[in-house]
Amino acid sequence: MAKRVTAVLGDFYHRRSWAVEALESAIQPIREQLDIEYRTVDQLVESLATNPDAVILFAENRINPEDEEVKTWMDDDAAVAISSYVENGGGWLAWHSGMASYEEIGPYTSMLHGYFKYHPTEHQHVTYYPEANSDIIEGEDSFTIIDEHYFVKCDQAETNVFLTSKSVDGSSIAGWYHDYGNGHVVCLAPAHLKDGLMHPTVQKLVLNAVKNVCFGIV
């Protein structure tokens, strides 16, 4: 039976069509094993009631980040519902903006063991370095793309880091995974632009991350 996946992709700053294209391209080797339901952030918590096998979130918390009064979609009640869903066996992939602007939502960032802090204003060359002996990206070389360089907070003692990043602005962790209760969590920083999303190694990272949250394996 196919794994049911709820995918919430795209926000004000992150083009939904690019994210959908990148996801569909990455998962082609296992596409027949997945039943993907595309939803919006407003529908996400409600969709958890259907108990999907995994959720992919590529959307930040802010709905209207350039308005004077900025609104967000995730509150503590939603975060508790999400963390409970994962703890009871769900899979969660926080992909790029799926980690952004959630720093005040404790139940969510506690589940992720980290969150996005900031990125420099300009897109730039960011080099990503796979960690040795990582299941998510074993055997891959470092690669460089034009990207938003995400600087993150990550509780390394409570997770498994598989990717780091470096640019002229410094270094950061860029990917990690862990079990949370009976569920699985993967956090993946790249990428923002279409070329980065479609880079072969990013595509492999997304595929392996989806395998992890859906099947518990890579």
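**Close-up 1. Packing of the buried residues of helix H3 in a predicted model.** The buried residues of H3 pack against helix H2 (41-48), E3, strand E4 (91-95), helix H4 (106-112), strand E10 (170-180) and strand E11 (183-188). Contact means heavy atoms within 4.5 Å. Buried means under 20% relative accessible area with a 1.4 Å probe, protein chains only. Helices (H or I, at least four residues) and strands (E, at least two) are DSSP runs, numbered from the N terminus. This is a predicted model: local features need pLDDT of at least 70, side-chain atom pairs count only at pLDDT 80 or more, and totals for chains, interfaces and linings use all residues. Residues are numbered from 1 along each chain as its sequence is written, and side-chain values use heavy atoms, leaving out hydrogens and water.

Close-up 2. Ala 78, Ala 79, Ile 82, Ser 83, Tyr 85 and Val 86 are buried in H3.

**Close-up 3. The ends of H3.** Asp 75 caps the N-terminal end of H3. One of its side-chain oxygens lies 3.2 Å from the backbone nitrogen of Asp 77. Gly 89 follows H3, with a positive phi near 120°.

**Close-up 4. Strand E1 and its parallel partners.** E1 (residues 3-9) has 5 of its 7 residues buried. E1 pairs with strand E2 (residues 34-38) over 5 parallel bridges; strands pair if DSSP finds at least two bridges between them. Lys 3 has Leu 34 of E2 as bridge partner. E1 also runs parallel to strand E3 (residues 54-58), joined by 5 bridges. Here Thr 6 is partnered by Val 55 of E3.

Conventions. Buried means under 20% relative accessible area, exposed over 50%, partly exposed in between (1.4 Å probe, protein chains only). A polar contact is a pair of N or O atoms within 3.5 Å; within protein, one must be able to donate a hydrogen and the other to accept it, and residues adjacent in sequence count only if both atoms are side-chain atoms.
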